[in-house]
Amino acid sequence: MIKVGDKIPSVNVRQVTDGGIQEVNTGDFFKGRRVALFAVPGAFTSVCSAKHLPSFVNNADALKQKGVDVIACTAVNDSAVMRAWGEAGRTGGAVTMLADGNGELARALGVEADMTKNGMGKRSRRYSMLVEDGVVKAFNLEEPGAFGVSSGDHLLTQA
C-alpha cells in the first residue's frame, strides 16, 4: 500500500476536461505540481455525493490559497459517469475528475476494495492525499464505511 514518502505509481487514467476526455499518465499529471487527490468508492453513491465531493468543492479556494495547484477526484467509474457526477456535483472546474475505469490506479496504490457483496465489484477505498511533484506528503485512508479523515476539511489542515 502507498505511504507517505512514496512516489505515485505510473498508470493511465482518463481525465475529464471541458474539451472532452483525454488519457493521462499519472506520472505526467502529478509532475511539478501540488495536488490534493481524493478517491471515492463510487460516483453518485450516498456519502460520496452528499459529503466527500462537496467537502473538496467547498474547500477549493482555501486549498489553493495554501499552495494546492489541482484538486482531483478519482473513482473506479468510467469517464462518462465521472463527467456526469462532476456536473451534478457542481464542481465548476474546482475539481478535476479522473476516471479509473479499470481500477488500475486503485490496484497500483494498494487501495482496491472488493465490494462485490454490495453489487459494486472491485472499487477503491475512500482516501485523500497531498502529493507534491509525484511524492505523497500526506495520506488519509478511511476504514471501510467511514468518512472523516479523507475529507476536504481534514486535508486542508495538512496542506
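**Exercise 1. Overall build**

What radius of gyration would a compact globule with 159 residues have, and what does the chain have? Work this out, then look at the box around the chain and the secondary structure.

*Solution.* Keep in mind that this is a predicted model.
- Step 1: for 159 residues, a compact globule would come out near 15 Å.
- Step 2: the chain has a radius of gyration of 14 Å, which agrees with that value.
- Step 3: along the principal axes, the C-alpha atoms fill a box of roughly 40 × 30 × 30 Å.
- Step 4: six helices and nine strands make up the secondary structure of the chain.

**Exercise 2. Inside and outside**

*Solution.* 
- Step 1: take under 20% relative accessible area as the cut-off for buried.
- Step 2: check how the chain contacts itself. Among contacts with a separation of 6 or more, 64% are between residues 24 or more positions apart.

**Exercise 3. Charges and salt bridges**

Work out how far apart the mean positions of the positive and negative charges are, then track down some salt bridges.

*Solution.* 
- Step 1: the chain carries 18 positive and 17 negative charges, and their mean positions are 2 Å apart.
- Step 2: searching the whole structure turns up five salt bridges. The cut-off to apply is a nitrogen-to-oxygen distance within 4 Å.
- Step 3: go through some of the pairs. Lys-3 pairs with Asp-6, with the closest N and O atoms 3.2 Å apart. For Arg-14 and Glu-23, the closest N and O atoms are 3.1 Å apart. Asp-114 and Lys-122 also form a salt bridge, with a closest N and O distance of 3.9 Å.
- Step 4: ask how accessible the partners are. Arg-14 counts as partly exposed because its relative accessibility is 40%, and Glu-23 is partly exposed too, at 46%. In the other pair, Asp-114 is partly exposed at 47%, and Lys-122 is partly exposed at 45%.

**Exercise 4. Positive phi**

Which loops hold Arg-90 and Asp-133? Describe the backbone angle phi at each of these residues.

*Solution.* 
- Step 1: Most residues other than glycine have a negative phi.
- Step 2: take Arg-90. Its phi is positive, near 50°. Arg-90 sits in the loop between helix H4 (79–88) and strand S5 (96–99). With a relative accessible area of 71%, Arg-90 is exposed, since the cut-off for exposed is over 50%.
- Step 3: do likewise for Asp-133. This residue is not a glycine either, yet has a positive phi of about 50°. Its loop runs between strand S8 (127–132) and strand S9 (135–141). Asp-133 is partly exposed, with a relative accessible area of 45%.

**Exercise 5. Around Arg-83**

Which residues does Arg-83 touch, leaving out those up to four places away in sequence?

*Solution.* 
- Step 1: locate the residue. Arg-83 is in helix H4.
- Step 2: classify it. Arg-83 counts as partly exposed because its relative accessibility is 26%.
- Step 3: list the contacts, using heavy atoms within 4.5 Å. Arg-83 touches Val-16, Thr-17, Gly-20 and Ile-21.
- Step 4: Ser-55 is 28 residues from Arg-83 along the chain, and their C-alpha atoms are separated by 18 Å.

Note on methods: Residues are numbered from 1 along each chain as its sequence is written. This is a predicted model: local features need pLDDT of at least 70, side-chain atom pairs count only at pLDDT 80 or more; totals for chains, interfaces and linings use all residues. Side-chain values use heavy atoms; hydrogens and water are left out. Helices (H or I, at least four residues) and strands (E, at least two) are DSSP runs, numbered from the N terminus. The radius of gyration is taken over C-alpha atoms; the globule rule is 2.2 Å times the number of residues to the power 0.38. Lys and Arg count as positive and Asp and Glu as negative; His and the chain ends are not counted. The place of a charge is taken as NZ of Lys, CZ of Arg, CG of Asp or CD of Glu. A salt bridge is a side-chain nitrogen of Lys or Arg within 4 Å of a carboxyl oxygen of Asp or Glu. Buried means under 20% relative accessible area, exposed over 50%, partly exposed in between (1.4 Å probe, protein chains only).
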